[in-house]
Amino acid sequence: MSADLVLSGLTKTFSASPTAALDDLTLAVAAGTCTAVLGPSGSGKSTLLRVIAGLETPDRGTVSIAGRDVASVPAERRGVGMVFQRSLLFPHLSVRDNVAFSDRVAGMPRARARERAERYLDTVRLSGYGSRRVGELSGGQEQRVAIARALAAEPAVLLLDEPFSALDPALRADMHDLLEAVRADLAPTILLVTHDRDEAARVADRIALVEHGRLLHEGTVADAYRRPGSLRAAELMGGRNAVPGEVVGGIHRSALGAVAATGVADGPATLVFRQEDVRVGEGTDAGSLRIAGTVRSRRLVGARSEITVDAGALEVHAEVASVSALRPGDEVALSVPEALAHVVVG
Ligand SMILES: Nc1ncnc2c1ncn2[C@@H]1O[C@H](COP(=O)(O)OP(=O)(O)OP(=O)(O)O)[C@@H](O)[C@H]1O
């Protein structure tokens with residue numbers, strides 16, 4: 001029940017808006033995989049999903065599902081299911097009849113459609129809830145029903161538009177487990193729009209970064225974090241360290257010394273590395289970048305702390321354990337394994 005999804009040169013400008021919501025966006029999602037779409041507010045993520053679903057028509061470009069251009073296929077025949085931030089369930093129907101809705105519209109007899117609905121309610125771990133009214137459900141349960149309803153239509157492609165963002169962290173974690181179970185069971189091809197990098201890392205195979213309607217970076221989750229395609233991509237992935245320098249002959253030179261930059265053209269380039277990858281101490285392995293400086297500030301980041309270190313003209317950010325004794329004013333030696341530093345153009 002999964003299919004390759006290929007988007008090619010998608011462009012969409014709304015008449016009310018001077019700039020393109022989608023600008024020549026090309027992206028491929030392999031059958032049965034999940035790509036998370038991350039990007040700032042207004043970058044075109046929802047428009048992208050709406051174009052794929054057939055709810056908007058692109059000015060240019062194509063959407064292909066299982067190798068077929070779906071331009072002339074109406075939304076309800078595309079084999080695409082969509083779940084939004086708000087569940088948009090029918091309040092006057094029972095949970096079971098909400099899930100059975102698409103089968104009923106397709107003409108399936110009520111008893112059979114309800115039987116199938118129960119199966120999908122079981123998939124989203126809501127068996128026993130079929131007779132309830134939507135108003136009797138929690139937000140998390142409502143989203144489960146919305147997912148069951150989308151799955152009951154057996155979509156080859158499942159589009160999720162910030163489906164968990166209104167849920168509290170514990171419920172969100174439950175939903176991530178649920179999505180994993182759905183993927184193992186039914187393997188739809190999924191495009192998940194989210195603002196939450198951790199969510200993307202938890203549930204997706206790959207990350208697509210979108211800004212101003214353009215694709216900035218596409219790759220595995222690990223690469224999005226550690227090998228971003230550009231300085232902007234590094235920033236959007238929450239990377240806090242960027243050291244300007246210059247590449248000459250495949251070597252990047254900066255205040256941190258020389259680092260291999262294979263394949264990067266000569267010219268200005270920036271060395272990026274994650275705050276999570278900076279270690280306190282000199283680092284024993286030969287391939288480490290060493291940084292000496294003074295702690296300027298320290299702030300809590302969840303259960304850990306982040307320190308900002310002044311190292312000459314450089315500002316370096318490092319995550320440390322909350323029990324770390326480092327305080328503003330302390331001298332500190334830091335190191336970064338060279339393999340975890342990455343050179344981007346610009
Ligand atoms: N129906 C519409 N009419 C006019 N402009 C629109 C319409 N829908 C979206 N836009 C514009 O297109 C751009 C992209 O919007 P879109 O909703 O796709 O962004 P987004 O990345 O999903 O944002 P967010 O993260 O805030 O949900 C924005 O500038 C928005 O104002």
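The legends below describe several close-up views of a predicted model. Residues are numbered from 1 along each chain as its sequence is written. Because the model is predicted, local features need pLDDT of at least 70 and side-chain atom pairs count only at pLDDT 80 or more, whereas totals for chains, interfaces and linings use all residues.

**View A. Domains of the protein chain.** The domain assignment, whose bounds come from an automatic or database source, divides the protein chain into domain 1 (5-224) and domain 2 (241-345). The C-alpha centres of domain 1 and domain 2 lie 38 Å apart. An unreviewed UniProt entry carries the annotation "domain: ABC transporter" for residues 5-237; UniProt positions are given in the numbering used here, feature names are shortened, and annotations may be inferred rather than shown by experiment. Over residues 5-237 the chain is 36% helix and 24% strand, with the end C-alpha atoms 24 Å apart, where helices (H or I, at least four residues) and strands (E, at least two) are DSSP runs numbered from the N terminus.

**View B. Surroundings of the ligand.** The shell around the ligand is made up of Phe 14, Ala 16, Ser 17, Ala 21, Gly 39, Ser 41, Gly 42, Ser 43, Gly 44, Lys 45, Ser 46 and Thr 47, a residue being counted if its C-beta atom, placed from the backbone, lies within 6 Å of the molecule. By class, the shell holds three nonpolar residues, eight polar and one charged; Ala, Val, Leu, Ile, Met, Phe, Trp, Tyr, Cys and Pro count as nonpolar, Asp, Glu, Lys and Arg as charged, and the others, Gly among them, as polar.

**View C. An open sheet of four strands.** The strands follow the order β2-β1-β4-β5 with antiparallel pairing, and two strands are taken to pair if DSSP finds at least two bridges between them. At the edges are β2 (22-29) and β5 (68-69), each of which pairs on one side only. Strand β4 (residues 60-65) is joined to β5 by two bridges, and these strands run antiparallel. Ser 64 stands opposite Asp 69 in β5.

View D. Arg 125, a residue other than glycine, has a positive phi near 55° and is placed in the loop between α3 (110-123) and α4 (139-152). Arg 125 is partly exposed, with 15 other C-beta atoms within 10 Å; a residue is buried if 20 or more other C-beta atoms, placed from the backbone, lie within 10 Å of its own, exposed if 12 or fewer, and partly exposed in between. Glu 154, which is not a glycine either, has a positive phi of about 50° and is found in the loop between α4 and β7 (157-161). Glu 154 is partly exposed, because 15 other C-beta atoms lie within 10 Å.
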